[in-house]
Amino acid sequence: MGNVYVFDHPLIQHKLTYIRDKHTGTKEFRELVDEVSTLMAYEITRDMPLTEVMIETPVQPAQCKVLSGKKLGLVPILRAGIGMVEGILRLIPTAKVGHIGLYRDPETLEPVQYYAKMPSDIGERELIVIDPMLATGGSASEAIRRIKEMGARNIKLMCLIAAPEGVERVQRDHDDVDIYVAAIDEKLDEKSYIVPGLGDAGDRLFGTK
């Protein structure tokens, strides 16, 4: 079973409060999501492997640590996932970025893929699938399934806020995927919105209704 990590860092929780606030405007909302994404990326990369190299400081030679070359990839789920990418790239600028787009069929309510573009070496990369909200878990689970079909073998899921139902769905469907969130909220309402949540992340990021 994949692990679930809830980031309780004070800066993440402080900024998440203002992300939730309905009075936070589009510009500030976007900036806060960007900042929290950077902070979450710092936490999610904590276990990245290091190797030692010899360098010359201005004083003398020194043996120091660098990342061991593990390849990373980011896969935002369109459209809201895009709002978290720049904050992560600020910390990991060499990561490749793929995209996957899904919409929910109004009759079957099942997610349907309409776009997918991945790095050519997807099987060699540790992928972070990104979506601000993990509500029912249907879109995230389907995105992960499709990405696996394309050859991915090492996947993590990163979200701002999750509902217990979404966490359970992803764990049931993909027991090899760890989930990283800033908060797990109370429940889903009758419209499958996370309660208390933050509303529609895509609308708030892009100023749409």
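Is the crossing of H4 and H5 left-handed or right-handed? It's right-handed. We'll come back to that pair in one of the close-ups below, all of which show a predicted model.

**Close-up A. Helices H4 and H5 run side by side.** Start with the pair from the opening question. H4 covers residues 138–149, and its partner H5 covers residues 164–173. The two axes come within 9 Å and cross at roughly 25°. An angle under 35 degrees counts as roughly parallel, so that is the label for H4 and H5. On the H4 side, look for Gly-138, Ala-140, Ser-141 and Ile-144; on the H5 side, they meet Arg-169, Val-170 and Asp-173. Sort those residues by class and you get three nonpolar, two polar and two charged.

**Close-up B. Ile-144 sits buried in helix H4.** Now zoom in on one residue of H4, Ile-144. Its relative accessibility is 0%, so it counts as buried. What does Ile-144 touch, once residues up to four places away in sequence are set aside? Val-129, Ile-155, Val-170, His-174 and Val-177.

Close-up C. H1 takes in residues 10–20 and H2 residues 26–44. Their axes come within 9 Å of each other, crossing at roughly 155°. Anything over 145 degrees counts as roughly antiparallel, and therefore H1 and H2 get that description. This crossing is left-handed. From H1, the residues in contact are Leu-11, Ile-12, Lys-15, Leu-16, Tyr-18 and Ile-19. They meet Phe-29, Leu-32, Val-33, Glu-35, Val-36, Leu-39 and Met-40 of H2. By class, the H1–H2 contact has 11 nonpolar residues, two charged ones and no polar ones.

Close-up D. The axes of H2 and H3 come within 7 Å and cross at roughly 55°. That makes the two helices oblique to each other, and the crossing is right-handed. H2 brings Val-33, Asp-34, Ser-37, Thr-38 and Ala-41 to the contact, while H3 brings Gly-83, Met-84, Glu-86, Gly-87 and Ile-88. Here the classes come out as four nonpolar, four polar and two charged.

Close-up E. How many residues make up the largest nonpolar core? There are 37, and those with the most contacts inside this core are Ile-19, Met-40 and Leu-74. H2 gives the most, with seven residues. To see one member up close, pick Ile-19: beyond its neighbours within four places in sequence, it's in contact with Phe-29, Leu-32, Val-33, Val-36, Leu-198 and Arg-204. Apart from this core lies another one, of 23 residues, and Ile-77, Ile-100, Ile-122 and Ile-144 are among them.

Close-up F. Is Glu-43 buried or exposed? Buried means under 20% relative accessible area, and Glu-43 comes in at 17%, so it counts as buried. This residue belongs to H2. Leaving out residues up to four places away in sequence, Glu-43 touches Phe-7 and His-9.

**Close-up G. Some backbone details turn up in the loops.** Where are the cis peptide bonds in this view? One joins Leu-78 and Arg-79, with omega about 5°, and Arg-79 is in the loop between E4 and H3. Another joins Val-195 and Pro-196, where omega is about 0°. You'll find Pro-196 in the loop between strand E13 (194–195) and H6. Then look at Ser-192, in the loop between strand E12 (187–188) and E13. Its phi is near 65°, a positive value in a residue other than glycine. Ser-192 has 26% relative accessibility, so it counts as partly exposed.

Technical notes
Residues numbered from 1 in each chain as written. Predicted model: local features only at pLDDT ≥ 70, side-chain atom pairs only at ≥ 80, totals over all residues. Heavy atoms only, no water. Axes fitted to C-alpha atoms, helices over the stretch in contact; angles between N-to-C directions. Helix = DSSP H or I, 4+ residues; strand = E, 2+ residues; numbered from the N terminus. Parallel < 35°, antiparallel > 145°, perpendicular 65-115°, else oblique. Left-handed = near helix turned anticlockwise from the far one by under 90°. Contact = heavy atoms within 4.5 Å. Nonpolar A, V, L, I, M, F, W, Y, C, P; charged D, E, K, R; others polar. Buried < 20%, exposed > 50% of the residue type's maximum accessible area, 1.4 Å probe, protein only. Core = buried A, V, L, I, M, F, W, Y, C linked by side-chain atoms within 4.5 Å.
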